[in-house]
Amino acid sequence: MGPIYVGTIRVLFAGISPFVVNHLNPKWLFVTCQCISSLAMSTIGIYVYFPDYLSDYSWIPLVMIIIIVIMRASGILPIMYVLMNELYPTEIRTQSIGHIV
């Protein structure tokens, strides 16, 4: 059931992300999304490290992965694509971005 939730969230936030990036400051959005993603990854690490104490909370990994997917789709990936388009000259843009992605 988890992959269905994650796929649905990815599709929804792929459509929402252009509006989010246009209305918020890209630097603030990028840093905020990175911080929230790192907190979610740390929570998953704590859950894996202490499985005996947190066995009653089996929903934590799914929720944290959904948060990571939301942060990637709404802030990290769109800003990275914009930065790659601004950094590379037009002559080599398609080849360089193709190698990076």
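Trainee: What makes A73, S74 and P78 contacts of S17?
Mentor: Contact means heavy atoms within 4.5 Å. S17 touches A73, S74 and P78 on that basis, leaving out residues up to four places away in sequence. Keep in mind that this is a predicted model: local features need pLDDT of at least 70, side-chain atom pairs count only at pLDDT 80 or more, and totals for chains, interfaces and linings use all residues. Also, residues are numbered from 1 along each chain as its sequence is written, and side-chain values use heavy atoms, with hydrogens and water left out.

Trainee: Why is S17 called buried?
Mentor: Buried means under 20% relative accessible area, exposed over 50%, and partly exposed in between (1.4 Å probe, protein chains only). S17 has 7%, so buried is the word. The residue sits in helix 1, residues 2–23; helices here are DSSP runs (H or I, at least four residues), numbered from the N terminus.

Trainee: How do you know that S17 makes a polar contact with A14?
Mentor: A polar contact is a pair of N or O atoms within 3.5 Å; within protein, one must be able to donate a hydrogen and the other to accept it, and residues adjacent in sequence count only if both atoms are side-chain atoms. The side chain of S17 reaches the backbone oxygen of A14 at 3.4 Å, so the pair falls within the limit.

Trainee: And S74, what makes that one buried?
Mentor: S74 also comes out at 7% relative accessibility, so it counts as buried. It lies in helix 3, residues 60–87. A polar atom of its side chain is 2.7 Å from the backbone oxygen of I70. Beyond its neighbours within four places in sequence, S74 is in contact with F13, S17, V20, V21, L29 and C33.

Trainee: What makes Y49 and F50 edge-to-face?
Mentor: Their centres are 4.9 Å apart and the angle between the planes is 85°, so the angle is over the 60 mark.

Trainee: Then why are F50 and Y53 called tilted?
Mentor: Their centres are 6.1 Å apart and the planes stand at 55°, so the pair is tilted. Ring pairs link Y49, F50 and Y53 into a cluster.

Trainee: What makes M1 exposed?
Mentor: Its relative accessible area is 65%, so exposed is the label. M1 is in the segment before helix 1. From M1 to L62 the C-alpha distance is 9.8 Å, although they are 61 residues apart in sequence.

Methods:
Helix = DSSP H or I, 4+ residues; strand = E, 2+ residues; numbered from the N terminus. Phe/Tyr/Trp six-rings, centres within 6.5 Å; stacked < 30°, edge-to-face > 60°.
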